[in-house]
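Visitor: Please pick one spot in this chain and walk me through it closely. Start with the chain as a whole, then zoom in.

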Amino acid sequence: MNKLENLKQLLAGKFKIENFKFTHAVGDDVIEVPKEDAPALLLFLRESGQFDFLMDVCGADYPNRERRFDVVYNLFNSKDASRLRIKAQVGEGESIGTAIPAYRGADWFEREAYDMFGIIFDGHPNLRKILTHHQFVGHPLRKDYDANNQQACTNSLPIHFNNEPGSPGDVLNDKYLPLNIGPSHTAMHGTLRVMAEMDGETIVRCNNEIGYLHRCFEKMAETHPYNQVIPYTDRLNYCSAPMNNIGYCKAVERLLGVEIPPKAQAMRVILAELSRIIDHTIAIGTGAMDLGALTSFFYMFGMREKVYGLFEKLCGARLTVSMTRIGGMAQDAPEGWFDEVLALVKEIRKGTDEMAAMVIDNKIFIQRTKNVCPVSAADAIQWGYTGPMLRACGVNLDIRKAQPYYGYDALDFDVPVGTNGDIYDRYLVRFEEMRQSVRIIEQVCKNVPGGDYTIRDKGIVLPEKKDVYGNIEGLMNHFMLIIKGLRPPVGEVYDATEAANGELGFYLVSDGSANPYRLKVRPPCFAIYQSFPTVVKGAMLADAIATVASMNLIAGELDR
């Protein structure tokens with residue numbers, strides 16, 4: 001009996017399942033429920049131990065339907081790596097109950113659906129805009145909103161706070177000093193605003209404001225053909241751009257029902273692990289710099305620059321690379337490239353050990369990070385933490401192990417796990433992940449499969465230039481794919497990869513046209529950063545700076 005049938009039997013005694021629709025499509029289990037049942041169902045699924053993670057909440061707009069909006073919940077079970085999608089329809093002017101009682105991490109995701117679509121979540125304590133500014137009129141992801149209708153912001157909101165039990169909300173307390181931290185501050189990445197009430201150096205409470213780099217990636221994806229979305233994915237987590245390319249293309253390929261060649265899989269694994277390494281160099285180097293260790297910043301960027309050199313040899317670009325294609329890779333690796341990768345990772349292994357000795361054995365660094373702002377495993381799961389942040393809390397979850405893809409199950413590597421969930425453990429985990437990535441890269445580079453670097457499906461992949469210019473068939477194939485576009489079958493899928501910051505998920509809906517009907521990105525640090533006010537409450541201001549650094553927030557991914 002499969003998971004969906006088990007769920008059906010489990011729910012039979014609790015809900016009127018004759019009102020539920022159970023489906024299994026493109027490998028996903030889906031339950032469509034009346035909106036009135038959604039909050040209670042989510043709470044039951046969590047409390048019964050069926051699904052401990054809420055990975056994403058999003059909306060989708062169907063303006064010609066009686067009930068215009070879909071509210072979509074993507075759930076995950078960390079014990080057996082199973083997933084479930086809950087969907088409920090909500091009409092214009094209607095509302096649906098909040099999922100916060102079941103999953104604390106629903107907070108920002110519901111605010112995003114409210115901001116982008118205008119969907120009301122009853123019981124949400126802080127249902128206000130999150131990605132667009134306070135002067136913005138309308139809801140940009142509705143189908144009737146013009147993608148060219150950009151709206152400027154002329155002023156900023158005063159210091160404000162979330163409504164919490166026992167909290168006065170936006171009312172400031174005369175006993176405490178209100179303080180803006182960022183966005184015009186290097187420790188706040190130039191895009192993060194933290195508003196705090198301070199009792200001396202202690203944070204009494206705080207609130208974070210994002211959206212300063214929001215450019216509505218998801219709206220751009222809806223207005224461009226599938227392959228033209230790939231360069232936009234580079235601009236999500238621009239510190240590890242190839243991982244975004246890979247995650248997006250993998251989702252589209254799954255909807256198409258195609259498997260890329262073994263050589264393309266190997267190349268993607270190498271690129272992903274190189275990207276994980278250089279992403280962690282950013283996290284560690286800038287984190288140490290925020291604590292006053294400038295030398296480590298330059299040292300880590302030296303390693304990063306060498307990896308950029310390999311990217312440049314492969315595709316001609318360094319930061320925003322667009323190296324993958326739906327169906328495989330943009331081109332084959334140049335001769336000797338895999339040997340150069342092997343030579344570089346030997347340097348990286350040595351450099352990682354040297355850097356670890358400089359940072360994690362440093363007395364000042366230990367005092368600034370050990371037992372500072374810890375997060376328990378239970379709280380991390382409730383917030384929706386994934387990646388190094390989750391593993392630092394003692395939760396052994398890595399999608400490369402839990403749901404292997406591209407041959408990760410055949411590779412020998414370990415998943416480092418912390419014990420305290422503090423800032424120190426987050427850096428320990430990232431250092432060890434760099435070492436494990438080196439192990440993975442060496443295994444793959446020494447056994448790169450032969451064969452093609454892409455599939456040769458004329459309806460998916462453009463022909464090579466020699467064929468376009470050399471024969472009429474190649475020219476016509478090129479012409480037809482450009483004019484008609486890549487067209488996945490009607491359907492939807494949620495697909496995830498283990499990116500440097502955690503689970504990078506893409507919820508993709510196809511209506512059979514040349515553009516995605518809906519493309520929702522589940523950015524790892526979005527779920528993590530929403531916990532920041534709770535994590536730093538009662539801590540020192542200096543500890544809040546260290547905490548932001550340890551969360552490795554990438555504004556392009558956070559704001560999209």
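Guide: Of the contacts in the protein chain with a separation of 6 or more, 67% are between residues 24 or more positions apart; contact here means heavy atoms within 4.5 Å. Before going on, note that this is a predicted model, where local features need pLDDT of at least 70, side-chain atom pairs count only at pLDDT 80 or more, and totals for chains, interfaces and linings use all residues. Numbering runs from 1 along each chain as its sequence is written, and side-chain values use heavy atoms, with hydrogens and water left out.

There are 20 helices and 15 strands in the protein chain; these are DSSP runs (H or I of at least four residues for helices, E of at least two for strands), numbered from the N terminus. The radius of gyration is 23 Å, close to the 24 Å that the globule rule gives for 560 residues, so the protein chain is as compact as a globular protein of that length. That radius is taken over C-alpha atoms, and the rule is 2.2 Å times the number of residues to the power 0.38. Of the 560 residues, 58% count as buried, meaning under 20% relative accessible area, with exposed over 50% and partly exposed in between (1.4 Å probe, protein chains only).

Now the close look: glutamate 197. This residue sits in strand E9, residues 193-199, and counts as buried because its relative accessibility is 2%. What does the side chain of glutamate 197 make a polar contact with? The partner is the side chain of arginine 205, at 2.8 Å. A polar contact is a pair of N or O atoms within 3.5 Å; within protein, one must be able to donate a hydrogen and the other to accept it, and residues adjacent in sequence count only if both atoms are side-chain atoms.

Setting aside neighbours within four places in sequence, glutamate 197 is in contact with Phe161, Val171, Leu172, Asn173, Tyr176, Leu177, Thr202, Ile203, Val204 and Arg205.

Cysteine 216 has a positive phi of about 60 degrees although it is not a glycine. For background, most residues other than glycine have a negative phi. At 12% relative accessibility, cysteine 216 counts as buried too.
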